[in-house]
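Have the model open while you read.

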Amino acid sequence: MLSVGFRALFRREILRFVRRPKNTFMPPAITNVLYFAVFGLILGGRIDQIAGFDYILFIVPGLVVLGAISNAFENASFSIFHGRWNEYIHETLTSPLSYVEMVVAYVGASAVRGLIVGVIITVVGRLFVPISIEHGLYLVATMVVITSLFAGFGIIGGLVARDFDDLTVMNQFILRPLVFFGAVFYSLGTFEQAWQVNLSLLNPMVYMVDSVRFGLLGYSDLISVGILPEPYTDFAPLASLAVLTACTLLVLGIDVYLFKTGYGLTD
């Protein structure tokens, strides 16, 4: 059963971004209207279908991933760093909460923000193109895993950062470029050389975008390029989700360890 302290911390972190929708929910909504208008309507009409899907529909999953994980990371990193900067995080550290409860509360709240933004982007995309969910349970599981993963990374970022500029660098110059090169606006099947596919597969964002695309559209690049040998090719999305889940648990374990050792918290 969840403790009172855990519920209080989780509620505080939720209210922190819910009370400021102009700063948390409006920017991704407006940004993605522009994405869909420019990349979907204007450029999409000049691009052939990809994997049998209209271009504007094909890019929806990638934009959902971009918005969801960016906001999950940003929420966790800012919350931790802001608490350090203003020294009110010591109230959490001196509470009777376990370190696991602290991490889960911060990660859970940040993941919720990421999930809400993902839904907002999907709704915005629905205004431009019909969207049907092919594998709902798989999609939900994937979104929970990847938002939790980047919320966990956000905690690490918040502990490592020495000023607010560090948070911007992490999000804008590391996270977003990886997502853009993670098959958001293109398919791995468009590559003519095997080395191009293999190089792309080194980017972890490819697996996240592909998983969400499989959940939304029922299409997976990992199946089409044959990342797994026959007869296991069709299990590529499940294998991808399993690896992402393992990575999430590992990152959360690191978060708990950093809290226990007081890294960045007692400076």
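Predicted model: local features only at pLDDT ≥ 70, side-chain atom pairs only at ≥ 80, totals over all residues.

Residues are numbered from 1 along each chain as its sequence is written, and side-chain values use heavy atoms, with hydrogens and water left out. Helices here are DSSP runs (H or I, at least four residues), numbered from the N terminus.

**Helix α11**

- Helix α11 covers residues 204-217, and its end C-alpha atoms sit 20 Å apart, which agrees with the 20 Å that 14 residues should span at 1.5 Å a residue. That expected span is 1.5 Å times one less than the number of residues.
- Most of α11 is covered, with 12 of its 14 residues buried (buried means under 20% relative accessible area, with a 1.4 Å probe and protein chains only).
- Among those buried residues are M205, D210, R213 and F214.
- Just past α11, G218 has a positive phi of about 80°.

**α11 against α13**

- The axes of α11 and α13 (residues 236-261) come within 10 Å and cross at roughly 130°; axes are lines fitted to C-alpha atoms, for helices over the stretch in contact, with angles running from 0 to 180 degrees between N-to-C directions.
- The two helices, α11 and α13, are therefore oblique to each other: angles under 35 degrees count as roughly parallel, over 145 as roughly antiparallel, 65 to 115 as roughly perpendicular and the rest as oblique.
- The crossing of α11 past α13 is left-handed, meaning the near helix is turned anticlockwise from the far one by less than a right angle.
- On the α11 side Y207, M208, S211 and F214 meet P237, S240 and L244 of α13 (contact means heavy atoms within 4.5 Å).
- S240 belongs to α13 and is buried, with a relative accessible area of 6%.
- The side chains of S240 and S211 are joined by a polar contact of 3.3 Å (a pair of N or O atoms within 3.5 Å; within protein, one must be able to donate a hydrogen and the other to accept it, and residues adjacent in sequence count only if both atoms are side-chain atoms).
- Not counting residues up to four places away in sequence, S240 touches Y207, S211 and L222.

**The rest of α13**

- From first C-alpha to last, the 26 residues of α13 reach 38 Å, close to the 38 Å expected at 1.5 Å a residue.
- Its buried residues pack against α5, α6 (89-93), α7 (99-128), α8, α11 and α12 (221-224).
- After α13 ends, G262 takes a positive phi of about 75°.

**α5 and α8**

- Helix α5 (residues 60-85) and helix α8 (residues 136-160) have axes that come within 7 Å and cross at roughly 35°.
- Contributors to that contact include V64, A68, F73 and I80 of α5, along with M143, F150, G154 and L159 of α8.
- G83 sits in α5 and counts as buried at 1% relative accessibility.
- Leaving out residues up to four places away in sequence, G83 touches Y88 and I89.

How values were computed. Buried < 20%, exposed > 50% of the residue type's maximum accessible area, 1.4 Å probe, protein only.
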